[in-house]
Amino acid sequence: RRYFDEVLDREWRRARREGYLLSLLLLDIDKFKQVNDKFGHLVGDECLAALASKVDRMFHRPSDVVARYGGDEFAVILPYTSARNASALAEQLKREVEGETFIVDGLKLNIKISIGVAEIIPNPKNTPKDLIGLADSRLYQAKPDDVGSV
């Protein structure tokens with residue numbers, strides 16, 4: 001998380017100075033607690049690592065940053081990217097993840113993810129927390145109804 005905070009702060013300052021768009025994806029695994037409960041935390045950790053590798057392979061521009069945000073959540077910082085383009089990338093990622101069977105500790109797992117997308121042009125009236133809050137709100141709007149809140 002510290003890495004994410006440091007990179008977002010650096011990108012925020014640069015985008016504010018240069019006046020460009022900054023988009024953020026927040027994503028997590030739907031019903032991840034059930035994976036840990038059914039298969040154990042080691043399998044859950046391997047599942048997170050497999051998802052992280054998948055996300056990292058997809059976002060490969062030098063300016064794209066993939067980081068663990070917390071728990072089963074990941075963040076993707078996308079400088080110079082509109083919400084429209086970020087949403088298209090999010091949908092592509094969702095299709096690819098949900099179309100793949102992850103082999104984890106000899107088990108075949110199919111996972112579903114939810115993704116929140118937000119865009120902002122940093123200025124003196126907003127902060128990185130505004131971008132994170134918007135992406136987080138959209139992540140929970142994207143959750144299937146049967147996932148519910150904790």
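Reader: What makes β1 mostly covered?
Author: Count the buried residues: in β1, 8 of 8 are buried. Buried means under 20% relative accessible area, exposed over 50%, and partly exposed in between, with a 1.4 Å probe and protein chains only. This is a predicted model, in which local features need pLDDT of at least 70 and side-chain atom pairs count only at pLDDT 80 or more, while totals for chains, interfaces and linings use all residues. Residues are numbered from 1 along each chain as its sequence is written, and side-chain values use heavy atoms, with hydrogens and water left out.

Reader: How do you know that both faces of β1 are covered?
Author: Take each side in turn. Leu22, Leu24, Leu26 and Asp28 lie on one side, Ser23, Leu25, Leu27 and Ile29 on the other, and all are buried. In a regular strand the side chains alternate between the two faces of the sheet.

Reader: Why is β3 called largely enclosed?
Author: In β3, 7 of the 7 residues are buried, so the rest of the structure largely encloses this strand. Glu73, Ala75, Ile77 and Pro79 point one way, while Phe74, Val76 and Leu78 point the other way.

Reader: What makes β1 and β3 a strand pair?
Author: Bridges do. Strands here are DSSP runs of E of at least two residues, helices are runs of H or I of at least four, and both are numbered from the N terminus. Two strands pair if DSSP finds at least two bridges between them. β1 and β3 have 7 and run antiparallel. Ser23 stands opposite Leu78, and Leu27 has Phe74 as its bridge partner.

Reader: Which other pairings does the sheet hold?
Author: The order is β2-β3-β1-β6, an open sheet of 4 strands with antiparallel pairing. β2 and β6 are the edges: each has a single partner strand, so one side of each lacks a neighbour in the sheet. From one strand to the next, the twist averages 20°. β1 and β6 are joined by 8 bridges, with Leu25 partnered by Val117 and Ile29 opposite Ile113. β2 and β3 share 5 bridges, one of them involving Val66 and its partner Val76.

Reader: What lies between β2 and β3 in their hairpin?
Author: There are 2 residues between the strands, and Gly71 in the turn has a positive phi of about 55°.

Reader: Which residues touch the most other members of the largest nonpolar core?
Author: Leu25, Leu27, Leu51, Phe59 and Leu93 do, out of 27 residues. A nonpolar core is a set of buried Ala, Val, Leu, Ile, Met, Phe, Trp, Tyr and Cys residues joined through side-chain atoms within 4.5 Å. Elements supplying at least two residues each include β1 (22-29), α3 (41-58) and α4 (83-98). α3 gives the most, with 6.

Reader: What is in contact with Leu93, beyond its neighbours within four places in sequence?
Author: Contact means heavy atoms within 4.5 Å. Leu93 meets Leu27, Val55, Met58, Phe59, Ile113 and Ile115 that way. A second, separate core has 20 residues, among them Leu8, Ile77, Ala118 and Leu139.

Reader: How many aromatic pairs are there in the whole structure?
Author: The search finds 2. Rings of Phe, Tyr and Trp (its six-membered ring) pair if their centres lie within 6.5 Å; planes under 30 degrees apart count as stacked, over 60 as edge-to-face and the rest as tilted. Phe4 and Tyr69 have ring centres 5.2 Å apart and planes at 90°, so they are edge-to-face. The two are 65 residues apart, Phe4 in α1 (residues 2-18) and Tyr69 in β2 (residues 65-70).

Reader: Why do Phe4 and Tyr69 count as buried?
Author: Phe4 has 0% relative accessibility. Tyr69 has a relative accessible area of 13%. Both values fall under the cut-off for buried.

Reader: At what angle do α1 and α5 pack?
Author: The angle is about 115°, and the axes are 10 Å apart. Axes are lines fitted to C-alpha atoms, for helices over the stretch in contact, and angles run from 0 to 180 degrees between N-to-C directions. Phe4, Leu8 and Trp12 of α1 meet Pro128, Leu131 and Ile132 of α5.
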